[in-house]
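Here are some friendly notes to read alongside the model. Could you keep the viewer open as you go through the points?

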Amino acid sequence: MPCNRRLIFVCYPDSDEPIGGVKQIYRQVEILHQSGKSAWVLHKEEGFRATWFKSQAPVINLESYLTMQPNAQTDLIVLPEGWLTTMPNYLAGIPKVIFNQNAFYSFGLDGICIPETIKLYKHPDIVGVVTVSEDNRALLIKGLGIPPERCHVVLNGIDTTLFYMPKKKAKNIIFLERKQADHARKVALMAQSREVFESYKFKELPQQNHAQIAMEMREALVFLSCGHPEGFGLPLAEALACGCLAVGYHGLGGRDFALPYMKSVEFGDLLEFINTLENSLVSFEQNPQAGLLLREQAALAIQAKYNLEAETKNCIKVWEELTLHCNQQDLTTNNRS
């Protein structure tokens, strides 16, 4: 059965800051649109769209969408996990999918625990859940009780024209100005008193566009991974694809792909972090060829599984299955009435 519903991916409050979850929403819509499906990114304000990455995804604002007369027979609304408590009163009666890009935030952010979370995931408007790693899927199924057949995983595709391993690397140790960046800053301070780091340069990357981040990752020898918890951990995957020696936290979601290639550190253990980083550089300098081989293996493994072609096939399959379920649910309801 064709994917004959309008797929509306809610993506507001509107923000043009580099947020990986926003890029992934645009990517899903772009793939669906290019394959002939009716899909839009829904922003609140007219004329707004994210600009920090390139995308051909069509965008519609809330007022314009409402003029299209949303209804349960023609539409499927896709909501971020943070919209769970809003979901029952948002376009009530129209089937919805929760696009949960970080299952560890399912119960709330900033230490909040929403008691009705599990009950809300069983709301009749929710026809399925989509997440971004098998690690997160396991939590959603075994922790929140979501039926396995209703819980899908979409791949994060990596653009290998941007994220690839170059022939030469600079002695840069990079980390992102985002989750737990203070951990990397502390590691950099401790490194000042250790001789092995004298020839290396620590670089904190500010919020940049996608191409700029890719250039820094291609150039750097080392990537400090500080994200935790992560639904997937795309920056870590991109760094590995660029042949970086990755040291730090797998972020839980990164267990899908980062092990055994990265040098994993227990979250928050700064002494283990600096020691692991130092030992990794000493080993690399003693045997550069072995270090190069491991980084090449990691880059090839990441690119083989998380490429744009695989992402496209997976995306279309997942959303067609969800749409088919909506259509079957409609048919069952009509037969009962």
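1. Let me start in the sheet: Leu7 has Leu76 of S4 as its bridge partner. S1 and S4 run parallel and are joined by four bridges. Strands here are DSSP runs of E with at least two residues, helices are runs of H or I with at least four, and both are numbered from the N terminus. Two strands pair if DSSP finds at least two bridges between them.

2. A word on the basis of all this: the model is predicted, so local features need pLDDT of at least 70 and side-chain atom pairs count only at pLDDT 80 or more, while totals for chains, interfaces and linings use all residues. Residues are numbered from 1 along each chain as its sequence is written, and side-chain values use heavy atoms, with hydrogens and water left out.

3. On its other pairing, S4 is joined to strand S5 (residues 96–99) by four bridges, and these two run parallel. There, Val78 stands opposite Val97. Strand S4 (residues 75–80) is largely enclosed by the rest of the structure, because six of its six residues are buried. Buried means under 20% relative accessible area, exposed over 50% and partly exposed in between, with a 1.4 Å probe and protein chains only. Asp75, Ile77 and Leu79 cover one side, and Leu76, Val78 and Pro80 the other.

4. Next, the rings. The whole structure holds 12 aromatic pairs, counted when the ring centres of Phe, Tyr or Trp (its six-membered ring) lie within 6.5 Å; planes under 30 degrees apart are stacked, over 60 edge-to-face and the rest tilted. Phe9 and Trp319 are an edge-to-face pair, at 5.0 Å centre to centre with 70 degrees between the planes. Phe9 is in strand S1 (residues 6–10) and Trp319 in helix H10 (residues 308–336), so their contact ties together parts 310 residues apart in sequence. Both Phe9 and Trp319 are buried. Ring pairs also link Phe9, Phe99 and Trp319 into a cluster.

5. Another pair worth a look is Tyr249 with Phe273: the centres are 5.4 Å apart and the planes at 70 degrees, so this one is edge-to-face. Tyr249 sits in the loop between strand S11 (245–248) and strand S12 (263–264), and Phe273 in helix H8 (residues 270–286), 24 residues apart. The relative accessible area of Tyr249 is 2%, and that of Phe273 is 0%.

6. What lines the second largest pocket? It has a volume of about 390 Å³ and 20 lining residues, with Lys23, Lys54, Asp159, Leu162 and His210 closest to its centre. H1 gives the largest share, four residues. By class the lining has eight nonpolar, five polar and seven charged residues; Ala, Val, Leu, Ile, Met, Phe, Trp, Tyr, Cys and Pro count as nonpolar, Asp, Glu, Lys and Arg as charged, and the others, Gly among them, as polar. On a 1 Å grid over the protein atoms alone, a pocket is an open set of points with protein on both sides within 12 Å along at least five of seven lines, a cavity is a set where a 1.4 Å probe fits but cannot get out, and lining residues have an atom within 4 Å of a point. Grid points are joined across faces, edges and corners, and a volume is the space filled by probe spheres set on the points.

7. Finally, the largest cavity has about 110 Å³ of space. Its lining has 13 residues, and Arg178, Phe223, Ser225, Cys226 and Gly227 lie nearest the centre. S10 gives the most, with three residues.
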